[in-house]
Amino acid sequence: MITLYGFAISNYYNKVKFALLEKNIRFVEEVIPPSQEEAVLKRSPLGKIPFIETDAGYLSESQAILEYLEDVFPDNPLYPADAFQRAKCREFIQHIELNMELIARRLYGEVLFGAKISQETKDEVLPKVENGLKGLARIAGFAPFALGEQFTAADIVAWPHFQLVGFVTQQIYGRDLVAEHIPGAADYIKLIESRPHAQTVTAGRNAALAEFFKNR
């Protein structure tokens with residue numbers, strides 16, 4: 001049994017939850033925020049979420065978790081069998097997380113938490129996010145999934161990140177940069193959202209957001 005720690009506001013938490021559901025792995029959830037408390041740091045070295053507990057111990061960092069799940073639970077694979085195509089899947093994931101989501105994260109404070117972001121930061125982030133999205137468009141197929149006909153880990157990662165980055169850039173710039181730079185992004189997101197497990201993840205995220213904003 002896997003225990004998934006974190007909360008459903010996090011797109012990285014939702015990425016891991018989506019993978020667990022798609023791979024039909026039994027798990028339980030334990031709601032916990034990021035923390036510098038010693039009890040959390042013993043399980044996640046920087047106090048970040050998500051992290052998981054396995055029979056072998058604790059594991060942090062969402063991408064390490066995703067690949068661990070693939071190695072230990074080979075049924076319902078999320079990575080292509082071909083070595084090169086597996087590498088292309090990892091390439092896509094690194095691009096989306098390092099060259100788009102990580103950069104756009106600098107905007108989240110204003111949209112999600114009410115913190116004021118300087119105009120200088122907004123001006124700096126804009127071309128970098130656009131450049132990252134243009135790069136993704138060059139390596140993605142979206143025919144119909146991110147890398148072609150097979151649903152893969154690339155889709156597990158792209159879906160929550162595209163949703164959040166599109167929403168945040170719409171709020172900051174008045175432009176959904178994901179829709180603007182990824183051809184067919186809206187149809188792609190709808191395709192993923194039609195999956196029952198994506199709907200489960202969405203319901204959990206919406207409930208967590210409602211609770212978060214109620215308590216602010």
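1. Ring pairs join Phe18, Phe145, Phe151 and Trp159 into a cluster. For the ring criterion, Phe, Tyr and Trp rings (the six-membered ring for Trp) pair if their centres lie within 6.5 Å, and planes under 30 degrees apart are stacked, over 60 edge-to-face, and the rest tilted. Phe151 also has a charged neighbour: Arg195 lies over the face of Phe151, at 3.7 Å from the ring centre. Here a charge sits over a ring if NZ of Lys or CZ of Arg is within 6 Å of the ring centre and within 35 degrees of the ring normal.

2. A word on provenance before you go further: this is a predicted model, with local features needing pLDDT of at least 70 and side-chain atom pairs counting only at pLDDT 80 or more, while totals for chains, interfaces and linings use all residues. Residues are numbered from 1 along each chain as its sequence is written, and side-chain values use heavy atoms, with hydrogens and water left out.

3. Back to the rings, where the count comes to ten aromatic pairs. The ring centres of Tyr5 and Tyr58 are 6.3 Å apart and the planes stand at 55°, so this pair is tilted. It links distant parts of the chain, with Tyr5 in strand β1 (residues 2–6) and Tyr58 in strand β4 (residues 57–60), 53 residues apart. Strands (E, at least two residues) and helices (H or I, at least four) are DSSP runs, numbered from the N terminus.

4. Tyr58 has another ring partner: with Phe51 it forms an edge-to-face pair, 6.3 Å centre to centre and 65° between the planes. The classes are buried under 20% relative accessible area, exposed over 50%, and partly exposed in between (1.4 Å probe, protein chains only).

5. Another charge-over-ring contact for your list is that of Arg90, whose charged end sits over the ring of Tyr79, 5.4 Å from its centre.

6. Turning to salt bridges, a search of the whole structure finds 13 (a side-chain nitrogen of Lys or Arg within 4 Å of a carboxyl oxygen of Asp or Glu). One of them joins the side chains of Glu91 and Lys88 at 2.7 Å, N to O. Why is the spacing along the helix about one turn? Glu91 and Lys88 are three residues apart in helix α4, so about one helical turn separates them. Glu91 is partly exposed at 28% relative accessibility, and Lys88 is partly exposed at 26%.

7. Glu101 and Arg105 also meet in a salt bridge, again given as N to O, at 2.7 Å. Glu101 is buried, with a relative accessible area of 1%, whereas Arg105 is partly exposed at 36%.

8. The side chains of Arg106 and Glu124 form a salt bridge at 3.2 Å, N to O. This pair links distant parts of the chain: Arg106 is in the loop between α4 and α5, and Glu124 is in helix α6 (residues 119–139), 18 residues apart. Arg106 is partly exposed at 37%, and Glu124 is partly exposed at 33%. Through shared partners, salt bridges join Arg106, Glu124 and Lys128 into one network.

9. Now the pockets. On a 1 Å grid over the protein atoms alone, a pocket is an open set of points where a 1.4 Å probe fits, with protein on both sides within 12 Å along at least five of seven lines, and lining residues have an atom within 4 Å of a point. Points are joined across faces, edges and corners, and a volume is the space filled by probe spheres set on them. The largest pocket holds about 740 Å³ of space. Of its 30 lining residues, the closest to the centre are Ser10, Tyr12, Lys48, Ile49 and Arg105. Elements that give two or more residues to this lining are α1 (11–22), α3 (62–72), α4 (83–104) and α5 (108–113). α4 gives the most, with seven residues. By class, the lining has 16 nonpolar, seven polar and seven charged residues; Ala, Val, Leu, Ile, Met, Phe, Trp, Tyr, Cys and Pro count as nonpolar, Asp, Glu, Lys and Arg as charged, and the others, Gly among them, as polar.

10. The second largest pocket has a volume of about 350 Å³. Among its 22 lining residues, Pro160, Gln163, Leu164, Phe167 and Arg205 are the closest to the centre. α7 (153–173) is one of the elements giving two or more residues to this lining, and its eight residues are the largest share. The lining divides into 15 nonpolar, five polar and two charged residues.
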